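Here are a few exercises to work through with the model open beside you. Try each task before you read its solution.

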Amino acid sequence: MSKRRVVVTECPGGPLLVRGADEVVGVDGTAAPVERAVVAVCRCGRSDRLPWCDDSHRDRRRKRSP
Amino acid sequence: MRLPQPCGPLSEGVVETLRARPQGLHAVPEPRAMGDVTYPLTDRDLQLALWVLYELHYRGFDDVDDPRAEWDPLLMVSRAALERTFEHAVRELVGATPQDAPALEDLGDTPAEQVTAALVRMTARSGPSEVAQFLHRRATRQEFCSYLAERAVHHLRESDPQSFVLPRIGGAAKVALAELQYDEYGGGRPDRLHQALFARGLASLDLPTDLASYVEQATGATLASVNLMSLFALNRRLRGAAMGHLAAFEATSSLPCDRILRGARRLRLPEEVADYYDEHVEADAVHEQLAIRGICAALVADEPELAPDVVFGATACLAVDGLAGQVLLDGWRARREDRAAG
């Protein structure tokens, strides 16, 4: 069997696209399982769904309302 | 699914023709003088006629006996006439959209850079739409359900139009589109098929899950927003526009889906409704990158002459979907005023 490749792609001004990973460990040490073929990992820290990107980098306001 | 109730001479021509002729060539329906159509983008009769003709290429109708109707040359003639009027109106709307963007050639050195910059720029300023903000903060349960019913025409067929584009493009763009579609189609899990997630949301509210129920009540503008995807996807010459449309749609989806999700929770709607929007916050943040950088940039690197079409498709998406959103907001406002007055 061929070795699976994990590829990380930088999106300027946006997230990291990750293909082939099994889990992403967040800053609090929690491992989030990867459940889709490609995932977008937040780079700006503003996401409400860390470690995943939720497009908050587009939102001008810093605080999100509940 | 059964043929919808026609609502004017154009849709009546198409529906009656499909119903009447069991076999053989279908007569061209008596065209309503296209001069009668004052605004094709909200004309329900024209959009319904076109929607019925497009549906022959998707799942079709149980009460159309002739399986060859899909490629009936005379129905094709009808479709082409309706499409011409529709496409002309879309181009006029796009032309009338204020453009403060620099010319494509000033946005980068290569067509791929130019198109990427143009798509990022035109979608950057869009926060959550007014519709999403209304659903988040103000909508009643009934208004929220009316939104789901209106959008069902799109979501119960979600991603199907774009699948027609796969054989029409090549290389890295094809690979990226396949990757995006795989996610839309559940990533190997039938229970995560996005169309099915939406249907589960409808079912949890005891709403019907068949498309026909919703086509009957959809506005002309909503049908136009769905027909636009078929127009772009079923005409190979418009493949660039189809992919630009997809990029603009995905890039303006995550934030609104997050608001709609919060609205569903505020109204304490069943978790199945929230699940659809929850899935789309994360999925569309990925799809946006795939569509802009994976598909559109690669497509114009391969076929540079498609760059203006990609930008046109994206602008058309924002303009036509914006129009459909405005019609929804106007409807909610009018009904609230009626209730206040009554």
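Helices here are DSSP runs of H or I with at least four residues, and strands are runs of E with at least two, both numbered from the N terminus. Please keep in mind that this is a predicted model.

**Exercise 1. Secondary structure and overall form**

Task: Find how many helices and strands chain B has, and decide what its radius of gyration agrees with.

Solution: 
- Step 1. Counting by the definition above gives 15 helices and 0 strands in chain B.
- Step 2. For 342 residues, a compact globule would have a radius of gyration near 20 Å.
- Step 3. The value for chain B is 20 Å, so chain B agrees with the compact globule.
- Step 4. Along the principal axes, the C-alpha atoms of chain B fill a box of roughly 55 × 50 × 45 Å.

**Exercise 2. Burial, contacts and surface**

Task: Describe the burial, the contacts and the accessible surface of chain B.

Solution: 
- Step 1. A residue is buried when its relative accessible area is under 20%; 58% of the 342 residues of chain B count as buried.
- Step 2. Take the contacts in chain B between residues at least 6 apart in sequence: 79% of them join residues at least 24 apart.
- Step 3. The accessible surface of chain B is about 13,900 Å², and carbon and sulfur atoms account for 53% of that area.

**Exercise 3. Two domains**

Task: Locate the domains of chain B and describe the contact between them.

Solution: 
- Step 1. The assignment gives domain 1 (9-96) and domain 2 (105-341) in chain B.
- Step 2. Taken over C-alpha atoms, the centres of these two domains of chain B are separated by 23 Å.
- Step 3. In chain B, 22 residues of domain 1 are in contact with 29 residues of domain 2.

**Exercise 4. Backbone exceptions**

Solution: 
- Step 1. Recall that most residues other than glycine have a negative phi, and most peptide bonds are trans.
- Step 2. Turning to chain A, a cis peptide bond with omega of about 10° joins A:Leu50 and A:Pro51. A:Pro51 lies in the segment after strand E5 (38-41) of chain A.

Note on methods: Residues are numbered from 1 along each chain as its sequence is written. Chains are lettered from A and ligands numbered from 1 in the order in which they are written. This is a predicted model: local features need pLDDT of at least 70, side-chain atom pairs count only at pLDDT 80 or more; totals for chains, interfaces and linings use all residues. Side-chain values use heavy atoms; hydrogens and water are left out. The radius of gyration is taken over C-alpha atoms; the globule rule is 2.2 Å times the number of residues to the power 0.38. Buried means under 20% relative accessible area, exposed over 50%, partly exposed in between (1.4 Å probe, protein chains only). Contact means heavy atoms within 4.5 Å. Accessible areas come from the Shrake-Rupley method with a 1.4 Å probe; for residues, only the protein chains shown count as cover. Domain bounds come from an automatic or database domain assignment.
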